[in-house]
Amino acid sequence: MNTLLLDTHTVLWFWWDDSALSATAKALICDPANRKLVSLATPWEVAIKVSRKKLDIGGPYPGFFDQHMTRTYFEWLPIATKHLNYVADLPFHHADPFDRLIIAQAISEGISIVSADAQFDAYQITRHW
């Protein structure tokens, strides 16, 4: 079993069956042998974008993540102190604070990320797309 950390856009595109999701990413997510994790940074990032009217999730924010997480059997990856310790030491190849946290979580947990963001490749992680 592989454990995959799904980037924010990856999660949303999968849930919305968006054609922007690559065939490789979709296959990895659909494989029942793979464990799919979603960082708690993801609903935080989405909440901010929804409140600033930069993202329309097609309905109210409350309940959105609970519904989709249950439906797809994804698991939460809590934010731990050890993840923040990695953030403090990350070089600034990527400036987005949510992406930096997701990268730090992947490094700290020794897991790969499913993301279209090629800037992730500058870090010591495996990125699938």
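Predicted model: local features only at pLDDT ≥ 70, side-chain atom pairs only at ≥ 80, totals over all residues.
1. The contact of H3 with H6. Helix H3, residues 41-51, and helix H6, residues 97-109, have axes that come within 10 Å and cross at roughly 175°. With angles over 145 degrees counted as roughly antiparallel, H3 and H6 are therefore roughly antiparallel to each other. On the H3 side the residues involved are Ala 41, Thr 42, Trp 44, Glu 45 and Ile 48, and these meet Phe 98, Leu 101 and Ile 102 of H6. By class, the residues of this contact divide into 6 nonpolar, 1 polar and 1 charged.

2. The length and burial of H6. At 1.5 Å a residue, the 13 residues of H6 should span 18 Å, and the C-alpha atoms at its ends are 18 Å apart, which agrees. The helix is mostly covered, since 10 of the 13 residues of H6 are buried. The buried set comprises Phe 98, Asp 99, Arg 100, Leu 101, Ile 102, Ile 103, Ala 104, Gln 105, Ala 106 and Ser 108.

3. The contact of H1 with H4. Helix H1, residues 8-15, packs against H4 at an angle of about 75°, and the two axes are 11 Å apart. That makes H1 roughly perpendicular to H4, given that angles of 65 to 115 degrees are put in this class. Leu 12, Phe 14 and Trp 15 of H1 make the contact with Phe 64, Phe 65, His 68, Met 69, Arg 71 and Thr 72 of H4. Sorted by class, the contact of H1 with H4 has 6 nonpolar, 2 polar and 1 charged residues.

4. The surroundings of H1. Because 7 of the 8 residues of H1 are buried, this helix is largely enclosed by the rest of the structure. The buried residues are Thr 8, His 9, Thr 10, Val 11, Leu 12, Phe 14 and Trp 15, and Leu 12, Phe 14 and Trp 15 are also the residues that H1 brings to its contact with H4. Just after H1, Asp 17 takes a positive phi of about 50°.

5. Thr 72 in H4. Thr 72 lies in helix H4 and is buried, with a relative accessible area of 12%. Its side chain makes a polar contact with the side chain of Trp 15 at 3.3 Å, while the side chain of Thr 72 also reaches the backbone oxygen of His 68 at 2.7 Å. Not counting residues up to four places away in sequence, Thr 72 touches Phe 14 and Trp 15.

6. Positive phi in two loop residues. Lys 53 is not a glycine, yet it has a positive phi of about 65°; this residue lies in the loop between H3 and helix H4, residues 64-72. Tyr 73, likewise a residue other than glycine, has a positive phi near 60° and is found in the loop between H4 and strand E3, residues 75-77. Lys 53 is exposed, with a relative accessible area of 73%, and Tyr 73 is exposed, with a relative accessible area of 70%.

7. Leu 4 in strand E1. Leu 4 is placed in strand E1, residues 3-6, and at 1% relative accessibility it counts as buried. Once neighbours within four places in sequence are set aside, Leu 4 is in contact with Leu 28, Asn 34, Arg 35, Lys 36, Leu 37, Ser 112, Val 114 and His 128. The C-alpha atom of Leu 4 is separated by 20 Å from that of Asp 96, a residue 92 places away along the chain.

8. Ala 116 between E4 and E5. Ala 116 is found in the loop between strand E4, residues 112-114, and strand E5, residues 127-128. This residue is partly exposed, with a relative accessible area of 31%. Ala 116 and Ser 22 are 94 residues apart in sequence, and 8.2 Å separates them in space, C-alpha to C-alpha. Apart from neighbours within four places in sequence, Ala 116 is in contact with His 9, Trp 13, Arg 127 and Trp 129.

Key
Residues numbered from 1 in each chain as written. Heavy atoms only, no water. Axes fitted to C-alpha atoms, helices over the stretch in contact; angles between N-to-C directions. Helix = DSSP H or I, 4+ residues; strand = E, 2+ residues; numbered from the N terminus. Parallel < 35°, antiparallel > 145°, perpendicular 65-115°, else oblique. Contact = heavy atoms within 4.5 Å. Nonpolar A, V, L, I, M, F, W, Y, C, P; charged D, E, K, R; others polar. Expected span 1.5 Å × (residues − 1). Buried < 20%, exposed > 50% of the residue type's maximum accessible area, 1.4 Å probe, protein only. Polar contact = N/O pair within 3.5 Å; in protein donor to acceptor, adjacent residues only side chain to side chain.
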